[in-house]
Amino acid sequence: MTKIAIVGCGLIGRAWAITFARAGHDVALFDRQDGAPESARAYIAEILPSLAEFDLLNGAMPEAVLSRIALAPSLPAALDGAVHVQENTPEDLAIKRSVFSELEGYADADAVLASSTSAILPSLFSEHLRTRERCLVAHPINPPYLVPAVEVVPAPWTSVDARDRTASLMREAGQSPIVMKREIDGFVMNRMQGALLEEAFRLVHDGFADPEDVDIGIREGLALRWSFMGPFETIDLNAPGGVRDYVTRYQGIYETIAPSQRRRVDWAGPVIETVEKDRRERLPEDQLGARQQWRDRRLMALAAHKRRSNRDIKS
């Protein structure tokens with residue numbers, strides 16, 4: 001197995017460390033903030049037994065996975081010998097440009113330099129580099145050790161080799177790469193999520209539904225299919241003749257809806273009072289942490305179920 005360097009050991013960095021170490025890679029953690037790598041490794045040590053409980057460590061023991069994660073004393077030490085560098089610094093373009101300049105200077109010449117950014121285009125933080133052809137975005141849904149989708153987003157100059165090597169690495173680590181053809185603001189997942197949130201806020205703002213009713217529509221409706229198929233497969237199976245038949249039958253409905261979806265609602269305007277009041281009545285603020293832990297346990301159960309189902313289908 002190969003060495004992976006994790007630069008930035010916050011929420012995303014420590015999650016990536018679990019993902020790669022679980023897949024058998026040696027992982028080096030580095031962060032300039034004092035104590036951050038140690039805190040990340042301590043968090044990982046706490047979460048690994050729960051993942052083992054749900055059989056999400058590929059049969060390995062927690063101690064074995066943890067032993068693959070080392071604390072690097074310096075950035076050069078973290079990058080030395082790494083074939084892939086996963087950067088997880090703050091969502092600040094100036095910081096990322098500076099960090100990628102350092103990564104280019106210390107990383108092995110054939111190492112891919114990937115950012116976990118959820119919003120910054122890869123061209124913006126790599127345009128000034130000499131070896132910019134090896135730079136791209138590898139953006140996960142957090143935590144990647146439970147949610148496998150990861151967006152592989154090339155800059156205009158990213159080489160096909162760097163893009164394909166990253167996609168292969170992700171697949172081998174148990175992830176499901178979304179290999180984009182070119183960059184666009186929001187990538188794929190945030191653009192899809194944003195479209196759904198725009199409509200959710202609009203429905204509440206205009207008084208058509210309460211926040212909980214919108215949540216029910218997803219939680220007890222659309223998401224049940226979306227947990228194992230995407231929108232195109234969904235409509236392909238929702239008409240007798242497949243996707244073309246669906247378009248013929250139902251495109252008119254969406255043409256009628258579309259004009260009313262072109263008006264934005266200010267999420268921070270009066271509607272936030274309604275949404276927040278509804279949420280705090282259902283979940284007091286002091287219970288957010290416990291509910292987040294509940295969410296993660298449910299994600300573990302779902303990830304374990306999907307893994308078992310996929311194995312059954314293949315066998």
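Over the ring of which residue does the charged end of Arg-14 sit?

**View 1. Arg-14 over the ring of Tyr-43.** The charged end of Arg-14 is placed over the Tyr-43 ring, 3.6 Å from its centre. A charge sits over a ring when NZ of Lys or CZ of Arg is within 6 Å of the ring centre and within 35 degrees of the ring normal. This is a predicted model: local features need pLDDT of at least 70, side-chain atom pairs count only at pLDDT 80 or more, and totals for chains, interfaces and linings use all residues. Residues are numbered from 1 along each chain as its sequence is written, and side-chain values use heavy atoms, with hydrogens and water left out.

**View 2. Arg-132 over the ring of Trp-157.** Here the charged end of Arg-132 lies over the ring of Trp-157, at 3.8 Å from its centre.

**View 3. Phe-201 and Trp-267, a stacked aromatic pair.** Their centres are 4.6 Å apart, with 15° between the planes. Rings of Phe, Tyr and Trp (its six-membered ring) pair if their centres lie within 6.5 Å; planes under 30 degrees apart count as stacked, over 60 as edge-to-face and the rest as tilted. Phe-201 belongs to helix H8 (residues 189-205) and Trp-267 to the loop between helix H11 (243-257) and helix H12 (271-282), so the pair ties together parts 66 residues apart in sequence. Helices (H or I, at least four residues) are DSSP runs, numbered from the N terminus. Phe-201, at 13% relative accessibility, is buried, while Trp-267 is partly exposed at 29%. Buried means under 20% relative accessible area, exposed over 50%, and partly exposed in between (1.4 Å probe, protein chains only).

Notes: Helices (H or I, at least four residues) and strands (E, at least two) are DSSP runs, numbered from the N terminus.
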